[in-house]
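Here is a friendly note to read alongside the model. Please keep the sequence and the 3D view open as you go through the points.

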Amino acid sequence: MIDGVPDDLDETLVRDPRESAAVLLDRLAELGWTIAVAESLTGGLVVSSLVDVPGASRVVRGGVVAYATDLKHSVLGVDQALLDAHGAVHPRVARQMARGVRDALGADGSPADVGVATTGVAGPDEQDGQAVGTVHIAVSTPLGTRVDSLVIAGDRDRIRRETAHLAIRRVLAAL
C-alpha cells in the first residue's frame, strides 16, 4: 500500500494518530525539547494532531503552513535556486524546510529542538513532474536531519492524513 515504508512502520495504518501524537509529546517533554512543524501538502494536519493532545503547549512551538512555493523560501529559508531547479516536491526542499522551521519558530535566539516538514503531491494532478502520492518527510534535530521519501497510494485525503501520521511516527523514531 505504501512504497518505501519499512515493515516496522506498517502499524501506522492501524494505530490511532492521536495515540502516536501523545506518545511523541510525552517523549519530547521527557527530553525537555520543543518541536516546530513546517507543512505543505498536509496543510496543518501535523501540528493539528499535536495540539489536539491536552498539554501540547509544553513542547509545541507552532507550525507554518507554507503551501505556496514562495513561502518555503521567504518564511522557511529554502534555497530559491533549489526551488527553481526542482520545484517544491523534492527531498532537499523537505530537509531545508525542517531546518528552517527550527530557526523560524525558535525562542530567545535558539532554534526549536525538533523540526518536522512535509512536502509532496496529494493530487488530483501531478506537480513539478512528481506523481500523485510522492511524499517527502524530514525530521531535523540537534543530531542531524533525515529525509524519508515514499509513495502513498490513495485519494487526496488519504495521502494527506497518512503523511501527517507518518511524520509524527518519524519524529518518534528520531528520538
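**Notes on the predicted model**

1. Let us start with Asp148. Setting aside neighbours within four places in sequence, Asp148 is in contact with Val135, His136, Ile137 and Arg170, where contact means heavy atoms within 4.5 Å. Asp148 sits in strand β6, residues 144-152. The Asp148 side chain also makes a polar contact with the side chain of Arg170, at 2.7 Å. A polar contact is a pair of N or O atoms within 3.5 Å; within protein, one must be able to donate a hydrogen and the other to accept it, and residues adjacent in sequence count only if both atoms are side-chain atoms.

2. A word on the basis of these notes. This is a predicted model, in which local features need pLDDT of at least 70 and side-chain atom pairs count only at pLDDT 80 or more, while totals for chains, interfaces and linings use all residues. Residues are numbered from 1 along each chain as its sequence is written, and side-chain values use heavy atoms, leaving out hydrogens and water.

3. Is Asp148 buried or exposed? Asp148 counts as buried because its relative accessible area is 12%, and buried means under 20% (1.4 Å probe, protein chains only). Thr42, in the loop between β2 and α2, is buried too, with a relative accessible area of 0%. Beyond its neighbours within four places in sequence, Thr42 is in contact with Thr118, Arg160, Thr163 and Ala164.

4. Now the overall layout. The protein has 6 helices and 6 strands, in the order β-α-β-α-β-α-α-α-β-β-β-α along the sequence. Helices (H or I, at least four residues) and strands (E, at least two) are DSSP runs, numbered from the N terminus. Of the 175 residues, 50% are buried.

5. Which residues touch the most other members of the largest nonpolar core? They are Ile35, Leu50, Val60 and Val116, in a core of 29 residues. Such a core is a set of buried Ala, Val, Leu, Ile, Met, Phe, Trp, Tyr and Cys residues joined through side-chain atoms within 4.5 Å. At least two residues each come from α1 (17-31), β2 (35-39), α2 (45-51), β4 (114-120), β5 (134-141), β6 and α6 (156-174). Helix α6 gives the most, with 6 residues.

6. Finally, look at Val60. Leaving aside neighbours within four places in sequence, Val60 is in contact with Leu25, Ile35, Val47, Leu50 and Val51.
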